Amino acid sequence: MGLLSLGTPLPWDQARELAQEVRKHGIEQFLHIWNNMKDRKRDRLLWGDEIEYMLISLDHQRRRARLSQRGHELLSLLQVEETESLERASRTGEKIELEALWRPEFGRYMIEGTPGHPYNSTVNDLVNVEANMKRRREIVAQLMDENEIILSVGSYPALGSGDFFDPPHKANGPFSRSLFLPDEVINPHPRFRTLAGNIRERRGSKVAINMPIFHDLNTPRPFVDPAIPYTRDLFPEDKEAREGAALPDHIYMDAMGFGMGCCCLQITLQAPNVDQARRLYDQLATVGAVMMSLSASSPVFRGYLADVDCRWNVIAAAVDDRTLEERGQVKLAKDRFVIPKSRYGTIDTFLGSSDGHFKPEYNDLELVYDRDIYQHLASNGIDDLMAKHVSHLFIRDPLVIFEELLKQDNSVSADHFENIQSTNWQNVRFKPPPPNSPIGWRVEFRPLEVQVTDFENAAFSVFTVLLARAILAFGDLNLYIPVTKMDTNMERAHSRDAVLREKFFFRRKIYADDSSSSIEMSANEIINGSPGFVGLIAIVEMYLDTVVLSECVRRKLDTYIAFIRGRADGSIMTAAAWIRSFVRSHPAYAFDSVVSSEINYDLVVALDDIANGRRQAPELVGEGNAC
């Protein structure tokens, strides 16, 4: 989770008036960080992963699976060891050694787990990742009731559909004002409900999420969702569904919780210095869409099969706080900019680095940025690309302002900067060092969908880290493509069976600086190679050949690489394809796109059995084994 401060959140009418003040101080905080940290060098290549889980309660007698409100309760118990360790360390100065750290997420049923400390810079340390992920599940399981499970899957199939929450609540909350989701699904931390309410108020309407329905044999054409309570008249926004917000042939969702209530796998890498962090940011951004297509795990929303496999566009729409003016639907009058994208999306500009591969034509999107902020940054020594990156982030308003944090010392705090930085949710995030911290310049890789098993999550994490190490080790490696083609790639990666059916723009001449060398290739060609293109796996293997490894370690890494190879060539199914197949082969499925509570129960139980080794699924995880 991003910035999570304690305090009194201001209502939107007050927060709006303070937006410019927060932006002003946020920029000054960035300048202090830059000036103090720009020459920092030789940091170790540390990294870590974040896995988001859902706590689910099972009613075996009634064959019902529901999201559990106790997720927040378990989180408080999971954090006890960390709190006590920090207090003890402050008294004695002893070093803290924890197996895992636990953080809240938007959903009350969600738990985020990370390793207790960053993984080391050696390749040998990569073999510890899966064991740590398994241990995290064990730690949570020790606190669960007999009827509870934790599941790592992109979207919960029944979220917002029927009897999906335990205990049940009516969908009549004042923050989301959703037709389907009660406010009780939101984490009780004041930031989250305020975030949901302020996005709605700033936008001037509820968010409108419409995912195309998967038209099965008996799905009505046109599909008009009979579960939408069109006649409800509890809030002024209730009329939006019947006035056109709910599109025919689409699954309609109307609250932030439908997006931020999904789960993901994220990787954060510390680079040796700021220049190498910029290189990682640019190069990893170009592979995000392909990796997302391999990791797809979200084919069901609000109890319906969708014609998409990923949660990406759901979240983008779920946090889209742009007004009508900013969306270009009416002429600018009160607002400052027409903004092409939601806060959640692909990056809009590369950062460049000293490797010389960046060319201005790669930034082919007409960038919207605050020119006053840009001039201020440039006049203080910030280079053009970095100044445009930051001034682009700062076209956004801060969504949650805590009264107690208004006054800060900009030389030692980054809260105002992070307030805006952390609510720009892009496919990669450039993260400056926190003030007065041993942490260096980092890059967060964000497009991966979470996987069902620890093996899969470890495989994606390890492969991403190995690719990042290869990018840093091979300075002549060039993966740049134009930003607009990255946008196209992410849209294609979102679609059903994209890993098998779609083509992605990718750079064929990866050791050249020809800016016109990107072509369309399949995920299989990009990952496994093709005539004239070496493939990302070959790049990773070339890097591994430069490192001294034991036979056991190399065999373990080869198992992960084989899994990625299988996902790309289609011999191993994505979780999204597996879930879709499970639903369509279920005896209760009527081929009408409806995922009933009975089907949902059996699906959740099956996924939990796979995650815990009680059910073998080589079609999903492959045949690999480890030493």
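A residue counts as buried when its relative accessible area is under 20%. Lys341, at 16%, is therefore buried. Keep that cut-off in mind as you explore this structure, which is a predicted model.

**Nonpolar cores**
- The largest nonpolar core has 200 residues, and Ile56 and Trp578 are those with the most contacts inside it.
- Helix α14, which covers residues 454-473, gives the most to this core, with 13 residues.
- Another core lies apart from it and has five residues, including Leu10, Trp12, Ala15 and Ile401.
- Take a look around Ile56: leaving aside neighbours within four places in sequence, its contacts include Ala65, Arg66, Leu67, Asn147, Ile149, Tyr156 and Val604.

**Salt bridges**
- Side chains of opposite charge can pair when their charged atoms come close.
- Across the whole structure, a search finds 51 salt bridges.
- One of the residues in contact with Ile56, Arg66, has a salt bridge of its own with Asp166, at 3.2 Å from N to O.
- This pair links distant parts of the chain, as Asp166 sits in strand β6 (residues 165-166) and Arg66 in strand β2 (residues 64-68), 100 residues apart.
- Within the pair, Arg66 is buried at 14% relative accessibility, whereas Asp166 is partly exposed at 22%.
- Lys341, our opening example, meets Asp348 in a salt bridge of 2.5 Å, N to O, and Asp348 is buried too, with a relative accessible area of 8%.
- Asp238 and Arg232 form another salt bridge, with their closest N and O atoms 2.9 Å apart.

**Cysteines**
- How many disulfides are there? The count comes to zero.
- A disulfide needs two cysteine sulfur atoms within 2.5 Å; the sulfur closest to that of Cys262 is in Cys263, 7.4 Å away, so this distance is too far for a bond.
- Cys310 is also too far from a partner, because its closest cysteine sulfur, in Cys262, is 11 Å away.
- Cys262 is buried at 6% relative accessibility, and Cys310 is buried at 0%.

**A nonpolar surface patch**
- Tyr511, Val534 and Met542 form a nonpolar patch on the surface, and together they have about 250 Å² of accessible area.
- Met542 belongs to helix α18, residues 536-544, and is partly exposed, with a relative accessible area of 35%.

Key
Residues numbered from 1 in each chain as written. Predicted model: local features only at pLDDT ≥ 70, side-chain atom pairs only at ≥ 80, totals over all residues. Heavy atoms only, no water. Buried < 20%, exposed > 50% of the residue type's maximum accessible area, 1.4 Å probe, protein only. Patch = residues over 30% accessible without salt bridge, like charges linked within 9 Å, V, L, I, M, F, W, Y side chains within 5 Å. Areas by Shrake-Rupley, 256 points an atom, 1.4 Å probe, with all protein chains shown as cover. Salt bridge = Lys/Arg side-chain N within 4 Å of Asp/Glu carboxyl O. Helix = DSSP H or I, 4+ residues; strand = E, 2+ residues; numbered from the N terminus. Core = buried A, V, L, I, M, F, W, Y, C linked by side-chain atoms within 4.5 Å. Contact = heavy atoms within 4.5 Å.
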